[in-house]
Amino acid sequence: MSTPQPPATQQPAQPAPQPAPQWQAAPGPSYTSPIPVVRTHLGHALASEWTKIRSVRSTMWTLGVFLLLVVGIGFLAALQTDDTDYSGVPYTIPAFFGLILGQICLITLGVLVIASEYGTGMIRTTFTASPQRHRVLAAKMLIFFAVAYAVSVFAIGVVGLFVASLHATPTSTPWVGTIFMGALYVSLLGVLALAVGSMLRHSAGAITAMLGVVLVPAILPAFMMISESLRPVAEKVLEYNAINSLAAIFDAGEEGGGGAQLGVLVAVTAAAIAGAFLLLDRRDV
Amino acid sequence: MIEIEGLTKRYGEKVAVKNLTFTVRPGLVTGFLGPNGAGKSTTMRMILGLDRPTGGDVRIDGAPYDRLRDPLKHIGALLDAKAVHGGRSARNHLLCLAQSNGIPASRVHEVLDTVGLTAVARKKAKNFSLGMGQRLGIAGALLGDPRILMFDEPVNGLDPEGIHWIRTLMQNLAAEGRTVFVSSHLMSEMAVTAEHLVVIGQGRLLADTSMADFIRRNSRSYVRMRTPQHEHLLDLLHTEGITPVAADDGALEVDDARPEHLGELAARHGIVLHELSPKQASLEEAFMRLTAESVEYHAHARPAQPPPRPPEPARQWGADWKKGS
């Protein structure tokens with residue numbers, strides 16, 4: 001306190017702050033915290049989101065089931081094959097069967113990363129701590145993508161290595177690329193789910209919507225084929241749906257190995273992310 | 001300091017908050033009072049940038065909320081103790097908040113200690129009792145050691161010990177020179193914690209006054225007298241220059257009088273008294289009158305606007321009244 005004290009006596013031991021009588025007494029800069037001021041940036045948001053994703057049970061469950069499905073089904077499938085099966089296909093193809101189911105785990109986790117915050121009300125705490133909502137959503141997407149990608153590269157890679165150790169034929173189809181392509185595809189599907197979760201703000205609703213995105217294009221063409229005029233559309237849908245896209249990636253060799261399918265998913269995901277960012281700023285929490 | 005100017009929020013046709021202007025000053029506890037549905041929580045959400053205002057401005061330490069780079073160091077808020085992911089431990093919940101604002105992780109342990117949750121730091125938040133959840137929320141608010149603290153109905157559903165703890169905490173925080181803004185729908189609660197009072201009803205500002213002033217103006221103390229010699233007593237009081245108010249049941253009420261004085265007066269003139277009792281109208285009554293009949297109050301309270309307040313909000317206040325109901 002720099003208030004000039006009358007020459008009275010020494011200050012009392014403790015300042016004993018008198019509750020300021022009404023507002024006249026409001027002193028200029030009031031309380032000052034010893035905690036240093038920091039200009040926060042994306043790095044802080046990433047650290048925060050990393051803590052969040054690793055500290056909830058649902059992450060462990062979804063990723064655990066994902067690993068179990070991809071590696072488990074992959075190993076079982078691999079044991080049913082012999083060397084001649086891999087003449088035209090990569091060693092990672094047993095992982096494809098597990099990924100058909102496993103992608104649903106990544107979709108679920110992607111949705112939960114954001115929608116569970118809306119469900120519990122945590123989102124209000126989050127946005128109070130970080131009013132830069134774009135940064136929060138970007139950090140969520142980056143952290144989720146990194147985790148999903150790392151886990152799926154690991155899972156597909158393990159299956160590929162297992163198959164390679166069982167069926168070592170010197171003339172094999174290149175398979176290392178399919179690990180990264182396949183992981184990229186399912187991780188992007190998870191990011192799409194995150195964007196949908198951010199827009200719908202409801203876990204069950206967003207998961208259902210994403211199941212629709214994965215399953216409807218796989219089922220619908222069968223009905224569309226009935227109509228002659230819809231046949232060309234049906235063929236495209238059949239070619240680019242999530243399951244056939246994965247099949248194209250793992251059936252590498254013919255026609256670019258699913259590059260076009262990956263491109264379609266990138267475009268759809270980018271559109272969903274744009275929508276999510278646009279809505280994020282406008283809506284009340 | 002929180003500065004609110006012309007704040008308005010519309011949900012479709014419904015106006016939740018209308019042209020609200022007031023300032024929350026540092027160094028004291030400011031009570032934010034209003035009946036349920038008055039727009040208190042909406043106002044608080046707009047202060048935190050969670051809801052976008054339809055019109056008007058909010059400034060925290062001079063800046064709009066979304067310009068704050070490390071908001072937890074400016075303002076700590078507890079709006080809803082349930083706004084926590086139940087699957088996360090108390091420690092991790094606070095840790096992720098701290099990280100997002102660049103607050104050292106050591107603060108997590110400090111605030112857990114402050115609110116007395118150290119023993120359950122690793123327990124999941126969903127297993128917490130209401131009181132523990134409230135303490136966790138307050139720990140989050142204190143995390144950045146902020147200059148402003150904002151609590152929405154913090155004592156709701158707490159046991160007496162919890163209530164006492166929160167009251168003391170708020171008063172201590174204000175004594176350190178911080179701005180403390182706390183909402184309630186209970187006048188009695190505000191009377192013991194707040195020094196300044198902002199009252200809203202149906203989204204409009206009804207009063208912005210010091211607690212002492214509010215009490216002085218609204219807690220009417222009077223002496224109630226009953227006598228079989230009604231006319232006689234009336235005449236006597238008139239000659240003494242006292243103007244009694246007739247109560248519904250025929251009793252007479254004399255404002256701001258001492259019962260000793262009135263009793264002796266009656267005795268000197270041989271008037272029989274059946275009742276002579278000092279009374280105090282409760283603040284809760286005053287608050288209910290204020291929120292129920294806001295228009296009446298406005299006309300009554302305007303001249304009593306305390307002088308240090310700049311004229312501008314006062315004008316806003318009056319204007320609001322004329323346009324409105």
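Visitor: Where does Asp145(B) sit in chain B?
Guide: Keep in mind that this is a predicted model. Strand S6 of chain B covers 148-152. Asp145(B) falls in the loop between H4 and S6.

Visitor: Is Asp145(B) buried or partly exposed?
Guide: Count the C-beta atoms around it: Asp145(B) has 18 others within 10 Å. A buried residue needs 20 or more, and an exposed one has 12 or fewer. So Asp145(B) comes out as partly exposed.

Visitor: Leaving aside neighbours within four places in sequence, which residues is Asp145(B) in contact with?
Guide: His74(B) is 71 residues away along the chain, and its C-alpha atom is 8.0 Å from that of Asp145(B). With those sequence neighbours left out, the contacts of Asp145(B) are Lys73(B), plus two residues of chain A, Ser33(A) and Ile35(A).

Visitor: How do H2(B) and H4(B) run, roughly parallel or roughly antiparallel?
Guide: H2(B) covers residues 90-100 and H4(B) covers 130-142, and their axes are 10 Å apart. The packing angle is about 25°, and angles under 35 degrees count as roughly parallel. So H2(B) and H4(B) are roughly parallel.

Visitor: Which residues of H4(B) make the contact with H2(B)?
Guide: H2(B) passes H4(B) in a right-handed crossing. On the H2(B) side, the contact uses Ala90(B), His93(B), Leu94(B) and Leu97(B). On the H4(B) side, it is Leu136(B), Ala139(B) and Gly140(B).

Visitor: What about H6(A) and H9(A), are they roughly parallel or roughly antiparallel?
Guide: H6(A) spans residues 176-200 and H9(A) spans 242-250, with axes that come within 9 Å. They cross at roughly 165°, and anything over 145 counts as roughly antiparallel. That is why H6(A) and H9(A) are called roughly antiparallel.

Visitor: Which residues of H9(A) does H6(A) meet?
Guide: This crossing is right-handed. H6(A) brings Thr178(A), Met181(A), Gly182(A), Tyr185(A) and Leu189(A). They meet Ala242(A), Ser245(A), Leu246(A), Ile249(A) and Phe250(A) of H9(A).

Visitor: Where does H3(A) bend?
Guide: H3(A) takes in residues 93-120, and its 28 residues reach 40 Å from first C-alpha to last, close to the 40 Å expected. Of those 28 residues, 21 are buried, so H3(A) is largely enclosed by the rest of the structure. There is still a bend of about 45°, and it is at Leu99(A).

Visitor: Which residue just after H3(A) takes a positive phi?
Guide: H3(A) ends at residue 120. Just after it, phi is positive at about 95°, and the residue is Gly121(A).

Visitor: What is the phi of Arg201(A)?
Guide: Most residues other than glycine have a negative phi. Arg201(A), in the loop between H6 and H7 of chain A, is not a glycine, yet its phi is positive. The value is about 60°.

Visitor: And what is phi for Gln202(B)?
Guide: Gln202(B) lies in the loop between strands S8 and S9 of chain B. Because it has 18 other C-beta atoms within 10 Å, Gln202(B) is partly exposed. Its phi is positive although it is a residue other than glycine, near 50°.

Conventions:
Residues numbered from 1 in each chain as written. Chains lettered and ligands numbered in written order. Predicted model: local features only at pLDDT ≥ 70, side-chain atom pairs only at ≥ 80, totals over all residues. Helix = DSSP H or I, 4+ residues; strand = E, 2+ residues; numbered from the N terminus. Expected span 1.5 Å × (residues − 1). Bend = angle between axes of the 7 residues up to and from the residue. Axes fitted to C-alpha atoms, helices over the stretch in contact; angles between N-to-C directions. Parallel < 35°, antiparallel > 145°, perpendicular 65-115°, else oblique. Left-handed = near helix turned anticlockwise from the far one by under 90°. Contact = placed C-beta atoms within 7 Å.
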